[in-house]
Amino acid sequence: QVQVEESGGGLVQYGDSLRLSCAASGRSFSLNFMAWFRRAPGKEREFVAAISWRGGSTYYEDSVKGRFTISRDNAKNTVSLQMNSLKPEDTGVYYCAYDKHDYGIPTRIETEGPYDYWGQGIQVTVTS
């Protein structure tokens with residue numbers, strides 16, 4: 001059974017940093033595209049960042065470019081999201097998600113459809 005679990009969230013102040021981690025178990029995801037999404041209070045879940053299976057290609061939502069960095073460690077079956085210069089508008093529940101297709105390159109990485117395995121989400125709160 002595949003399990004995906006996020007960690008590293010918390011309450012921080014404007015300008016602080018946090019590092020989210022996502023650990024998968026039950027199968028290897030070293031050949032799989034993965035992404036981070038978030039859901040702000042009262043809003044729909046939105047794309048944050050994605051990374052190809054080798055880590056050679058990364059993608060970011062415009063508002064986080066230059067502040068967030070997605071990375072992966074395939075040997076540990078983990079993916080991370082380093083978040084710097086955090087703003088109150090970054091507040092939300094953050095989810096990691098994996099595409100089950102080996103070597104897959106989703107055509108619309110910013111949508112939820114391509115991703116088959118999701119974590120429960122972890123809260124990130126940024127105060128002003």
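## A friendly briefing on a predicted model

The charged end of R45 sits over the ring of W118, with 4.0 Å between that charged end and the ring centre. Keep in mind as you explore that this is a predicted model. Below you will meet one disulfide, eight aromatic pairs and an open sheet built from four strands.

**Charge over rings, and rings with rings**

- Are F37 and Y115 buried or exposed? Both F37 and Y115 are buried.
- W53 and Y103 make another edge-to-face pair, with their centres 5.0 Å apart and an angle of 85° between the planes.
- W53 is found in the loop between β5 (45-51) and β6 (58-60), while Y103 is in the loop between β9 and β10, so this pair ties together parts that are 50 residues apart in sequence.
- Which residues do ring pairs link into a cluster? They are F37, F47, Y115 and W118.

**The disulfide**

- A disulfide is a covalent bond between the sulfur atoms of two cysteines.
- Here the partners are C22 and C96, whose sulfur atoms are 1.9 Å apart.
- The two cysteines come from distant parts of the chain: C22 is in strand β3 (residues 18-25), C96 is in strand β9 (residues 92-98), and they are 74 residues apart.
- Why is this disulfide called right-handed? The torsion about the S-S bond of C22 and C96 is about 50°, so the disulfide is right-handed.
- C22 is buried, and C96 is buried as well.

**The four-stranded sheet**

- Strands of a sheet pair through backbone hydrogen bonds, either parallel or antiparallel.
- In what order do the four strands of the open sheet stand? Reading across, the order is β1-β3-β8-β7, with antiparallel pairing.
- The edges belong to β1 (3-7) and β7 (68-73); each has a single partner strand, so one side of each is left without a neighbour in the sheet.
- From one strand to the next, the twist averages 15°.
- Six bridges pair β7 with strand β8 (residues 78-83) in the antiparallel sense. Across this pairing, T69 stands opposite Q82 in β8.

**A closer look at S21**

- S21 has its place in strand β3, and with a relative accessible area of 25% it is partly exposed.
- Leaving aside residues up to four places away in sequence, S21 touches E5, E6, S7, W36, V79 and S80.
- Between the C-alpha atoms of S21 and I51 there are 14 Å, and these two residues are 30 apart along the chain.

**Strand β9 and its partners**

- Six of the seven residues of β9 are buried, so this strand is largely enclosed by the rest of the structure.
- With β4, strand β9 pairs in the antiparallel sense over six bridges. The bridge partner of F37 in β9 is Y95.
- Strand β11 (residues 122-127) runs antiparallel to β9, and three bridges join the two. Within that pairing, V93 stands opposite Q123 in β11.
- How many bridges join β9 to β10? Two bridges join them, and the strands run antiparallel. In β10, Y117 is the bridge partner of Y98.

**Two residues with positive phi**

- Most residues other than glycine have a negative phi.
- S85 is not a glycine, yet its phi is positive, near 50°. S85 sits in the loop between β8 and β9, and at 40% relative accessibility it counts as partly exposed.
- Y103 also has a positive phi without being a glycine, at about 65°. The loop between β9 and β10 holds Y103, the residue that forms an aromatic pair with W53.

Terms used:
Residues are numbered from 1 along each chain as its sequence is written. This is a predicted model: local features need pLDDT of at least 70, side-chain atom pairs count only at pLDDT 80 or more; totals for chains, interfaces and linings use all residues. Side-chain values use heavy atoms; hydrogens and water are left out. A disulfide is a pair of cysteine sulfur atoms within 2.5 Å. Buried means under 20% relative accessible area, exposed over 50%, partly exposed in between (1.4 Å probe, protein chains only). Rings of Phe, Tyr and Trp (its six-membered ring) pair if their centres lie within 6.5 Å; planes under 30 degrees apart count as stacked, over 60 as edge-to-face and the rest as tilted. A charge sits over a ring if NZ of Lys or CZ of Arg is within 6 Å of the ring centre and within 35 degrees of the ring normal. Two strands pair if DSSP finds at least two bridges between them. Axes are lines fitted to C-alpha atoms, for helices over the stretch in contact, and angles run from 0 to 180 degrees between N-to-C directions. Contact means heavy atoms within 4.5 Å.
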